[in-house]
Amino acid sequence: MVASSAGLRFLLMILFLCGFGFGKSSQQAPQVLGLRLEYPQDQLSMRERIISAPYGSSFKIRLFGTYLNGTWPWVAFARAAQGEAGAVGDAADPCEQETRRNSSVFKVSGEFEADEQYSGLITVRAEKSISAASAEEDASAVYHHLCVWQGHKWASAGPDRLRVLTDPRLPAWAVAIIIILLLVICAILRGLNISLLWLDPLELYVLHSCGSEHEKRTAKRLEPVRRRGNFLMCSLLFIFSLAHSVLGVLFYEALGSIAPAVFTSAILIFLLSELLPHVVCSSYGFKLAPGLTWLAQVCMIVTCPLSCPLGLLLDLVLRRDISVCGLREKIMEMIRTNVNDPYNEFVKEEFSRGALRTKTVEDILTPLKDCFMLPSTAVLDFGTMSEIMQSGYTRVPVYEEERSNIIEILYVKDLALVDPEDCTPMTTITKFYNHPLHFVFNDTKLDAMLEEFKKGNSHMAIVQKVNNEGEGDPFYEVLGLVTLEDVIEEIIRSEILDESDGYMELKVKRPLPPLEIPLEPRGVSEEFSLFKTPEGEPKIRTSPQLLLATHRFLSREVEHFSPLRVSEKVLLHLLRHPSVNQEVKFDPSNRLSPDHYLYTRNHPVDYFVLLLQGRVEVEIGKEGLKFENGAFTYYGVSALTAPSSVHQSPVSTQRRSPHDPFEMGDAASPSSYCPDYTVRALTDLQIIRVTRLQYLNALRASRVSQSPEPPEIKILPNSQTKLLNERNATQGHN
């Protein structure tokens, strides 16, 4: 029993000694013989036993050695300046200092993964600590040692090192300058975008055609760049995108955080690069754009490889500028379609909001003194009807005694069946049709006026107000007239001009600019009452209508009588003269009478003939081809041109040239014009016959009429013209 107890104690002692030796061997310090970077990448690499990793990266390192299953953690990293050796050399080991281990940017995350007998993996993360950020040394020049716990101290494990891979940084002042420059460039380019692309090609064409001289020059300079709208748009948008991206990166680099960088960049871009250019260019964009066209061309050249193909693609796909809004085009088309219809709801609701509800008829009326009106005692003869025609109005108020006492209204269409020769009294027509008068007060709003016009009773209203000034009873005072056209002009904010308008602006009464060619004034050319034949003068019966048609035909169809050569007023007097307006009586019993021949082949003539009424037979050529002609055919135009020796006209009425055509001796002087045709009357004829001397005298009278005080010159036939020329020549020599 005792022996067994002693053996048991001996056995327990042996087991205790074996267990102690095993525990002592299991607590042996890890021995790291080397390391290797697992899964290297572009910015994560290992060269010459130095691992380079950027801030924020996480990577795995495989450790090789023995006794790697010790109590964790037994691995750390220590920061050492360049030149400190640690395990190699005589310098102090940085792993022994706790501050160096705590200031290292490399930290071990997780536990050791022993996947093989003599090696395992650890996960390392490069974190930017406050102490490292405030250190004076360059992060790329600082090396970090791998430290291993040796049981009683930390020691460097071999010559392998780690370092942070950093990008070269710009100074803070350089970053600030670049940010300011980018903001300025974005603002300028945004202003250029607004100035050039908000003006579509049609508006630019309108300014080029109808604007002032400065606007025409500006539009001409912008047209080459604006013609490539999609190309320019792609170029500017590409530069905008690039600049905004760079600004975001720079703000992040300067502030070091995403949220402040995003908000700061967004606020500055919104205020300086978007809002400010919109405010400035909305008022002055068209004035600033010509000075920035060179910048637009530079942008197009720089971004040409990308923006040019995209611009061409957009041109082919869209067939319009991307800057031109499709909705805007649709609205403009609706305006063009419906603006002439004052009853359209689009016009009423969209355009009349504001202007039509705030303005009154007194703001747009035509004052009474400027209105075209006729007295009730007027007679509808040719003079009155020509005056109505010249005015260009379709509705004419008729007053009695005073202009403010409007009693009737005459429509021009009422005169369609009125013969001027009947001299019908005005009241006969107005009382027959009895058109109602429409009176409105001066404070009537334009939208209410438009509603009244929509009822169709009348398109013209008489504006009146209650005058209670001074002593006596109040009375209605007529201020003027307002028409539907005035309301439409207020809707579209523009004047409506037609062929008869003589003023560009109704309220200012500014006359139209004169023509570049100094022709007769418009009032003279449209004074139709001048075509009325004077009373008491021996004449051939010619109606004013035929005289008007003859005047228009000669001045427009026959070059020799155009306004550039013969004044329209002189031509009128020429046509009214009895020696010019002639008749040829046809004798049926003697068809070949010499009096029937207006022209005979190879017989020289010096006169021009225009056939007004009747028919003639024309025989032309050696073959004797014959055909008939009727009214408004003319012959002998070449006879009006004098021979070369007397072709020139005097350049002055006081000093004559030796070749003055008015010093010719006789109307029957030899002429160089011989017709190669024969013209014979077939019926009674009414013709205009103008001799060469009459024509030349008309030319001279036209030149004299342009002088400040032109003398009175009458068109006289043949011998009388000769006497007049001799008398003028005698006065000139005196």
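User: Before we discuss this predicted model, what does "partly exposed" mean?

Analyst: A residue is buried when its relative accessible area is under 20% and exposed when that area is over 50%; partly exposed lies in between.

User: Why is cysteine 308 called partly exposed?

Analyst: Cysteine 308 has a relative accessible area of 23%. Buried requires under 20% and exposed requires over 50%, so cysteine 308 counts as partly exposed.

User: What makes cysteine 423 partly exposed?

Analyst: Its relative accessible area is 40%. That value falls between the limits of 20% and 50%, and therefore cysteine 423 is partly exposed.

User: How do you know that cysteine 95 and cysteine 147 form a disulfide?

Analyst: Their sulfur atoms are 1.9 Å apart. A disulfide is a pair of cysteine sulfur atoms within 2.5 Å, so cysteine 95 and cysteine 147 form one. By this rule the count comes to one disulfide. The link joins distant parts of the chain, for cysteine 95 lies in the loop between strand S5 and helix H2, whereas cysteine 147 lies in strand S8, 52 residues apart.

User: Are these two cysteines buried or exposed?

Analyst: Cysteine 95 has a relative accessible area of 0%, and cysteine 147 likewise has 0%. The limit for buried is under 20%, so cysteine 95 is buried and cysteine 147 is buried.

User: Why is H7 called roughly perpendicular to H9?

Analyst: The axes of helix H7 (residues 229-255) and helix H9 (residues 293-302) come within 9 Å and cross at roughly 80 degrees. Angles of 65 to 115 degrees count as roughly perpendicular, so H7 is roughly perpendicular to H9. Among the residues that meet are Phe231 and Leu232 in H7, and Ala296 and Met300 in H9. By class, this contact has seven nonpolar, one polar and no charged residues.

User: What makes S1 and S6 stand at the edges of their sheet?

Analyst: Four strands form an open antiparallel sheet in the order S1-S4-S7-S6. Strands S1 (31-38) and S6 (106-113) each have a single partner strand, so one side of each is left without a neighbour in the sheet.

User: How many bridges pair S1 with strand S4?

Analyst: S1 and S4 (residues 58-66) pair in the antiparallel sense over seven bridges. Glycine 34, for instance, has phenylalanine 64 in S4 as its bridge partner.

Conventions
Residues numbered from 1 in each chain as written. Predicted model: local features only at pLDDT ≥ 70, side-chain atom pairs only at ≥ 80, totals over all residues. Heavy atoms only, no water. Pairing = 2+ DSSP bridges. Helix = DSSP H or I, 4+ residues; strand = E, 2+ residues; numbered from the N terminus. Buried < 20%, exposed > 50% of the residue type's maximum accessible area, 1.4 Å probe, protein only. Axes fitted to C-alpha atoms, helices over the stretch in contact; angles between N-to-C directions. Parallel < 35°, antiparallel > 145°, perpendicular 65-115°, else oblique. Contact = heavy atoms within 4.5 Å. Nonpolar A, V, L, I, M, F, W, Y, C, P; charged D, E, K, R; others polar.
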